[in-house]
Amino acid sequence: PSLAAADDLTGANRILCTAVQATRCVDSGDCEIDLPWNLNIPQFIEVDLSAKKLSTTKASGENRTTGIDQLRRQEGMIVIQGFEKGRAFSFVIDEESGALSVAVAAQGKAVAVFGACTPMPTGK
């Protein structure tokens, strides 16, 4: 599938990202492409760069929040890294286009996710 349109994130500190495609591979070499939500990937993730946290949306009913361990804005990219519940994750977001690439690694498996991000309103 083609990626969803994304937005310019330059200077944004609150971002909403959606997963469009996901590929899961296991150490035996088998890989599968599937819809993100079929692989327990939330449809939307709120990224709060100021608070250094990732959260599911309130409407999802999932109430999942993860801290960001490393955050860097450099050369037009937002790079986010962290580790939780045996999984290491890295997000790379292009600030100009909002294009999202995510890698999640755990013992014996890895997931690659592609998606799009848009700025969230500044007031909550």
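The lining of the largest pocket divides into 18 nonpolar, eight polar and six charged residues. Here Ala, Val, Leu, Ile, Met, Phe, Trp, Tyr, Cys and Pro count as nonpolar, Asp, Glu, Lys and Arg as charged, and the others, Gly among them, as polar. The structure is a predicted model, in which local features need pLDDT of at least 70 and side-chain atom pairs count only at pLDDT 80 or more, while totals for chains, interfaces and linings use all residues. Residues are numbered from 1 along each chain as its sequence is written, and side-chain values use heavy atoms, with hydrogens and water left out.

Rolling a probe the size of a water molecule over the atoms shows where empty space is left. On a 1 Å grid over the protein atoms alone, a pocket is an open set of points where a 1.4 Å probe fits, with protein on both sides within 12 Å along at least five of seven lines, and lining residues have an atom within 4 Å of a point. The largest pocket has a volume of about 820 Å³, a volume being the space filled by probe spheres set on the points, which are joined across faces, edges and corners. Of its 32 lining residues, Asn-40, Pro-42, Arg-64, Arg-87 and Val-104 lie nearest the centre.

Several strands (DSSP runs of E, at least two residues, numbered from the N terminus) contribute to this lining. At least two residues each come from β1 (14-26), β3 (44-48), β4 (53-56), β5 (65-67), β8, β9 and β10 (109-119). The most is given by β9, with five residues.

Attention now turns to charged pairs. Side chains of opposite charge can pair when their charged atoms come close. With a salt bridge taken as a side-chain nitrogen of Lys or Arg within 4 Å of a carboxyl oxygen of Asp or Glu, the count comes to three.

Arg-24 and Glu-32 form one of them, at 2.3 Å from N to O. Arg-24 is partly exposed, at 31% relative accessibility (partly exposed lies between buried, under 20% relative accessible area, and exposed, over 50%, with a 1.4 Å probe and protein chains only). Glu-32 is likewise partly exposed, at 32%.

Glu-62 and Arg-64 also meet in a salt bridge, at 2.7 Å from N to O. Glu-62 is partly exposed at 33%, and Arg-64 is partly exposed at 32%.

A further salt bridge joins Glu-95 and Arg-73, at 2.9 Å from N to O. This pair links distant parts of the chain, 22 residues apart: Glu-95 lies in the loop between β8 (87-94) and β9 (99-106), and Arg-73 in strand β6 (residues 70-74). Glu-95 counts as buried because its relative accessibility is 11%, whereas Arg-73 is partly exposed at 35%.

Conventions: Helix = DSSP H or I, 4+ residues; strand = E, 2+ residues; numbered from the N terminus.
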